[in-house]
Amino acid sequence: MLKSIVRRSSTAGASYVSRRGFASGSAPERKVAVLGAAGGIGQPLSLLMKLNPLVSSLSLYDIAGTPGVAADVSHINTRSEVVGFAGEEQLGKALEGADIVIIPAGVPRKPGMTRDDLFNINAGIVKSLCTAIAKYCPNALVNMISNPVNSTVPIAAEVFKKAGTYDEKKLFGVTMLDVVRAKTFYAGKAKVNVAEVNLPVVGGHAGITILPLFSQATPKANLSNEEIVALTKRTQDGGTEVVEAKAGKGSATLSMAYAGAIFADACLKGLNGVPDVVECAFVQSNVTELPFFASKVRLGKNGVEEVLGLGPLNEYEKQGLEALKPELLSSIEKGIKFAKEN
């Protein structure tokens with residue numbers, strides 16, 4: 001039953017856990033490492049990656065608690081072999097030979113916390129994990145989930161540059177949750193089948209830096225300006241909506257795990273040579289004057305095959321684009337500064 005539910009889920013997820021792309025017997029060996037696997041995002045993300053037939057080896061790492069998560073997940077009757085690693089002395093083992101490293105590690109957002117409050121704690125965690133990635137699996141695709149993504153991706157880039165392993169094609173900030181939310185909210189308003197919705201979300205991954213391009217959404221719907229403004233705001237504030245609904249007991253962990261699994265699946269398909277895999281992600285970019293920017297990216301055997309442009313923007317979106325740039329730039333610079341000073 002679960003397989004069919006997961007199989008039927010939304011667009012990018014439509015073929016997720018389906019065996020259309022590859023029969024598990026013929027799919028190449030792929031190792032995926034999840035760093036922060038015992039946490040609120042890490043556990044459901046580990047479960048979802050265990051369900052993916054493209055994964056042959058699943059490596060679960062955290063500072064503690066991972067042997068239990070790994071034992072639990074390993075009983076599921078799918079292709080991948082699961083191994084748990086706990087504590088920094090086991091990090092190298094967890095990473096060796098990884099094709100994709102997904103990083104949900106760090107502390108979650110609590111009520112009243114801005115993404116900036118998270119910064120110092122998570123920045124330090126990301127820096128040490130990326131130092132290990134540079135050493136043990138320098139060619140892996142890195143999917144950064146740890147917030148604030150607008151700063152943690154530039155931190156990772158600086159760590160890799162210092163180690164001499166930086167490849168801009170292999171570093172992604174996972175903004176997929178913004179896309180998942182925008183699709184869901186749009187489908188609800190437009191009364192269209194959510195599985196058919198396609199719509200890019202560009203910019204960054206916090207507050208006003210999140211810019212859904214509803215003018216490019218398909219299927220088309222005649223929504224009023226007021227409705228578009230409300231949908232934009234709801235997409236930008238999606239994280240806060242969940243933090244408040246959980247009343248201090250957590251943040252968006254389940255939907256984030258789903259979005260992370262969908263993006264990792266797209267990366268796996270790209271690595272395996274499936275053509276025309278396109279998803280939005282926060283990457284090194286020339287699309288705007290900013291050094292990093294989220295837009296549609298074509299994924300392939302080397303990670304980023306092509307960073308796609310923004311396409312036609314309406315007036316509201318053009319204003320949103322100009323409004324987000326200063327905040328996004330300052331978050332990027334904050335990450336670079338942290339990496340250089342620490």
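Reply: Start at Gln-216, in the loop between strand 8 and helix 8. Helices (H or I, at least four residues) and strands (E, at least two) are DSSP runs, counted from the N terminus. This is a predicted model, in which local features need pLDDT of at least 70, side-chain atom pairs count only at pLDDT 80 or more, and totals for chains, interfaces and linings use all residues. Numbering starts from 1 along each chain as its sequence is written, and side-chain values rest on heavy atoms, without hydrogens or water.

What does Gln-216 touch beyond its neighbours within four places in sequence? Its contacts (heavy atoms within 4.5 Å) are Asn-198, Pro-200, Leu-310, Gly-311, Pro-312 and Leu-313. Take Asn-198. It sits 18 residues from Gln-216 along the chain, and the two C-alpha atoms are 8.3 Å apart.

Stay in the loop. Pro-219 also lies between strand 8 (210–212) and helix 8. The bond from Thr-218 into Pro-219 is a cis peptide, with omega near -10°. A cis bond also leads from Asn-147 to Pro-148, where omega is near -5°. Pro-148 belongs to the loop between strand 5 (141–144) and helix 6 (149–163).

Now follow helix 8 (residues 225–236). It packs on helix 7 (residues 176–190), at an angle of about 145° and with the axes 9 Å apart. Axes here are lines fitted to C-alpha atoms, for helices over the stretch in contact, and angles between N-to-C directions run from 0 to 180 degrees. The crossing of helix 7 and helix 8 is right-handed. Helix 7 brings Asp-178, Arg-181, Ala-182, Phe-185, Tyr-186 and Lys-189. Helix 8 answers with Glu-227, Leu-231, Arg-234 and Thr-235. By class, that contact has four nonpolar, one polar and five charged residues. Ala, Val, Leu, Ile, Met, Phe, Trp, Tyr, Cys and Pro count as nonpolar; Asp, Glu, Lys and Arg count as charged; the others, Gly among them, count as polar.

Past helix 7 comes Lys-191, in the loop between helix 7 and strand 7 (201–203).

UniProt puts a feature at residues 175–338, "domain: Lactate/malate dehydrogenase C-terminal", in an unreviewed entry. Its positions follow the numbering used here, feature names are shortened, and annotations may be inferred rather than shown by experiment. The span is 47% helix and 17% strand, and its end C-alpha atoms lie 22 Å apart.

Next, a hairpin. Two residues join strand 10 to strand 11. Strand 10 (residues 292–300) and strand 11 (residues 303–307) pair in the antiparallel sense, over four bridges. Pairing requires at least two DSSP bridges between the strands. Gly-300 stands opposite Gly-303 of strand 11.

Two other helix contacts follow. Helix 5 (residues 119–136) and helix 11 (residues 315–341) have axes that come within 11 Å and cross at roughly 60°. That makes the two helices oblique to each other: angles under 35 degrees are roughly parallel, over 145 roughly antiparallel, 65 to 115 roughly perpendicular, and the rest oblique. Phe-119, Asn-120, Ala-123, Gly-124 and Lys-127 of helix 5 meet Lys-334, Gly-335, Phe-338 and Ala-339 of helix 11. The classes are four nonpolar, three polar and two charged.

Helix 2 (residues 42–50) and helix 10 (residues 254–271) come within 8 Å at their axes and cross at roughly 35°. This crossing is right-handed. The contact of helix 2 with helix 10 has ten nonpolar residues, one polar and no charged.

Technical notes
Left-handed = near helix turned anticlockwise from the far one by under 90°.
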